[in-house]
Each structure stands twice: as C-alpha cells, then as structure tokens.
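Please have the model open beside you as you read.

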Amino acid sequence: IAIIGAGTVGGILGAYLARAGHYVVLCDFLKDRLDIIKAEGLTITGVAEMTVRCERVAYSVSELANFPGVDTIVISTKAAIMPRLIPEIQRVARPGTRFVSCQNGLDNEEYLAGFFGADHVLRMVVNYAGAPVKDGHVQMAFFNPPNYIGAMTVQGEPLARQMAEMLSGAGLNTQFTPEIKKYEWEKAILNVGLSAICALTRKPMKDIMDFAPTELLAEELVREAIQVAQACGVTYDEGFLAHCIQYFRKAGYHKTSMHQDIERGALTEIDWLNGKIVERGRDMGVKTPYNFAVTALVKGTEMKSKAPEGH
C-alpha cells in the first residue's frame with residue numbers, strides 16, 4: 001500500500017498499518033518530513049500512542065515506481081491538489097492498481113474514477129482527526145469509530161471488504177458498507193457546518209459554538225446541505241440536524257483542517273465542501289445562499305491581492 005500524503009490522515013493510517021506489519025510506502029513532497037520519518041519513525045500521540053518504523057518513503061509520486069510491490073494507492077492529500085496529482089499517478093499506475101480516496105469532500109472518488117475506472121476506486125470516510133505537531137509527529141485528537149469504506153461498483157466490493165478487515169485488524173476500526181455515499185454526505189455535511197466559519201474567523205470549533213451568531217450560521221449551513229443531500233436522494237431522519245449541532249458542541253477547541261490550511265497559507269478544500277453544496281444545489285434547484293457566501297469569502301481569503309505595495 002502506498003499512501004500519498006503523510007500528514008494527519010495519511011500519517012495515522014500509515015502508522016497503524018506499518019505497526020501491524022503491512023508493506024507501507026509513505027509518499028509526500030515535503031522532504032524534511034520524510035527524512036525524519038525515515039530516520040526516526042512516525043510518532044502518533046493523543047488518542048493513540050506509538051512510534052513506528054516507516055523506512056519505505058517516496059519523495060515524489062514518480063518514485064513509487066521504485067516499489068513494485070505496491071498494488072493499492074491511498075490518496076490522503078488535500079482534495080484541492082488532486083488535479084495536479086493525477087498526471088503523476090497515471091505515469092506510475094499499473095494495470096489493476098486500486099485507489100482509495102481518504103479525503104474530505106464530495107465526489108472525490110468519482111473524480112478518480114474518471115481517470116482510473118470505477119471498478120478500481122474505493123471511498124473511505126475517516127472518522128478520526130488531529131494535527132501535525134512537527135515533522136514526523138502527529139497528534140491524534142479524536143477517533144469516533146468506525147471508519148467506513150465502500151466501493152463504487154460490485155466488482156470493487158471484495159477489495160473494500162478486504163481493506164476494512166485489514167484496517168480493523170491493525171487497530172483502526174473500519175467497516176465495509178454498501179452505502180458509502182450516505183456516510184460521505186454525512187461527513188461532508190459535518191465539515192460544511194464549521195470548517196469555513198473556523199477558517200474565516202481563525203477560531204476553534206468551541207469558540208464558534210459558544211457565540212450565538214456563528215452557531216446560528218453553522219446551523220443554516222448544515223440545513224442547506226441537508227436539503228441538497230435530500231434533493232440528490234440521500235435522506236436523513238428528522239433529528240439529523242439536531243445531531244449535527246450536538247456533535248459540534250462536543251468538539252472542543254479543535255482546529256478544523258481548513259483553519260489550519262488558512263494559517264499555513266495553503267489552498268483549502270472549500271470547492272469540495274461548501275462549494276460542492278452550492279454546485280449540487282444549483283443542479284437540483286435548491287438555493288444555498290449561506291454556503292455560497294462562505295465559499296466566496298474563503299476563496300477571497302485565498303486570493304492574492306493585485307494591489308501595488310503600500311496599499
């Protein structure tokens with residue numbers, strides 16, 4: 001298994017699999033990060049505590065060609081960089097290579113399937129989170145098991161079941177589901193509620209939920225997303241909105257990944273989260289003014305100013 005993206009999600013996944021003795025290659029473009037992991041191992045603290053040897057590393061996607069044993073590629077990068085990754089992956093993928101999207105957002109697996117075929121693509125919904133402490137060290141803030149994994153076609157289901165069994169055996173409780181789209185939407189809806197607000201205000205989740213105006217904004221973002229999901233055929237019971245709000249209230253002072261992206265000056269996943277709600281809403285005739293507003297503001301925050309110096 002090659003894991004492209006050795007940050008929080010990929011690092012935790014790789015550490016569990018490597019500790020269980022599986023053949024794991026960590027791929028990342030951050031050389032210092034991989035140098036430390038190769039020399040000192042990968043350290044996870046928080047919910048899990050481990051330091052695991054991970055000597056197989058690739059400093060670029062093209063270097064995965066040096067590991068002929070790899071038959072499955074897990075993509076755990078930010079969704080925003082996928083268009084850049086695809087040409088590189090196409091150069092190293094072999095006939096029969098399988099792909100697993102472990103990312104935030106909607107329709108990531110469909111994007112991959114457009115290049116590699118739906119039979120070869122799986123989707124995993126990750127229910128753990130954290131943040132990098134420093135290169136080679138990831139803090140695992142929480143894990144609300146299980147993770148879910150599913151296939152896009154019947155032909156992909158045996159691999160999805162195998163991956164679920166392997167991950168659970170490694171200590172990362174994961175279930176196969178034939179309804180992966182439902183869980184994908186659920187995770188996206190939860191991300192839609194607070195990710196953009198936290199990124200725009202530079203505040204952790206608890207601060208947002210302790211302030212009535214931003215709590216109300218989170219509720220409206222989720223309400224729109226649920227309406228769009230239902231228009232797309234993904235339905236939830238009447239208590240789902242209340243469940244989402246209660247989930248947010250229990251989140252503590254966790255920084256969302258989009259908040260971390262803004263702080264680092266990195267591209268966010270806004271197009272794959274709130275932006276997808278807007279896009280799908282437009283397709284289905286559902287109005288999404290709240291999601292449109294936060295999407296525009298986050299993209300404005302990412303935008304480079306053209307003003308001359310001194311202005």
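1. Ground rules first. This is a predicted model, in which local features need pLDDT of at least 70 and side-chain atom pairs count only at pLDDT 80 or more, while totals for chains, interfaces and linings use all residues. Residues are numbered from 1 along each chain as its sequence is written, and side-chain values use heavy atoms, with hydrogens and water left out.

2. Let me start with Gln 260, which lies in helix H10 (residues 257-264). Helices (H or I, at least four residues) and strands (E, at least two) are DSSP runs, numbered from the N terminus. Gln 260 has 11% relative accessibility and counts as buried; that word means under 20% relative accessible area, with exposed over 50% and partly exposed in between (1.4 Å probe, protein chains only). The side chain of Gln 260 reaches the backbone oxygen of Lys 255 at 3.1 Å. Not counting residues up to four places away in sequence, Gln 260 touches Gly 130, Ala 131, Pro 132 and Lys 255, where contact means heavy atoms within 4.5 Å.

3. Further along, Glu 269 has its place in the loop between H10 and H11. Is Glu 269 buried or exposed? Glu 269 counts as buried, at 4% relative accessibility. Its side chain makes a polar contact with the side chain of Asn 104 (3.3 Å). A polar contact is a pair of N or O atoms within 3.5 Å; within protein, one must be able to donate a hydrogen and the other to accept it, and residues adjacent in sequence count only if both atoms are side-chain atoms. Leaving aside neighbours within four places in sequence, the residues in contact with Glu 269 include Thr 77, Lys 78, Ser 257 and Asp 261. The C-alpha atoms of Glu 269 and Gly 96 are separated by 29 Å, and these two residues are 173 apart along the chain.

4. Next comes Arg 280, found in helix H11 (residues 274-284). Arg 280 is buried, with a relative accessible area of 16%. Which side chain makes a polar contact with the side chain of Arg 280? The partner is Asp 107, at 2.9 Å.

5. A search of the whole structure finds zero disulfides, a disulfide being a pair of cysteine sulfur atoms within 2.5 Å. Cys 232 counts as partly exposed, at 27% relative accessibility. For Cys 54, the closest cysteine sulfur is in Cys 27, 14 Å away, which is also too far for a bond. Cys 54 counts as buried, at 5% relative accessibility.

6. Helix H1 (residues 8-19) passes a geometry check: its 12 residues should span 16 Å at 1.5 Å a residue, and its end C-alpha atoms are 16 Å apart, which agrees. The expected span is 1.5 Å times one less than the number of residues. H1 is mostly covered, with 10 of its 12 residues buried; among them are Thr 8, Ile 12, Leu 13 and Tyr 16. After H1 comes Gly 21, whose phi is positive, near 95°.

7. Now the sheet. Eight strands form an open sheet in the order S5-S2-S1-S6-S7-S8-S11-S12, with mixed pairing. Strand S5 (57-58) and S12 stand at the edges with a single partner strand each, so one side of each is left without a neighbour in the sheet. Two strands pair if DSSP finds at least two bridges between them. Strand S1 (residues 2-4) and strand S6 (residues 72-75) run parallel, joined by three bridges, and the bridge partner of Ala 2 in S6 is Ile 73.

8. Finally, strand S11 (residues 147-151) is mostly covered: five of its five residues are buried. Asn 147, Ile 149 and Ala 151 point one way from S11, and Tyr 148 and Gly 150 the other way. Strand S8 (residues 121-125) runs antiparallel to S11, with four bridges joining them; Arg 123 has Gly 150 as its bridge partner in S11. S11 pairs with strand S12 (residues 174-176) in the parallel sense over three bridges, and there Tyr 148 has Gln 175 as its bridge partner. The chain crosses from S11 through helix H5 (residues 157-169) to S12, and this β-α-β crossover is right-handed: with the strands pointing away from the viewer, the path from the first strand over the helix to the second runs clockwise.
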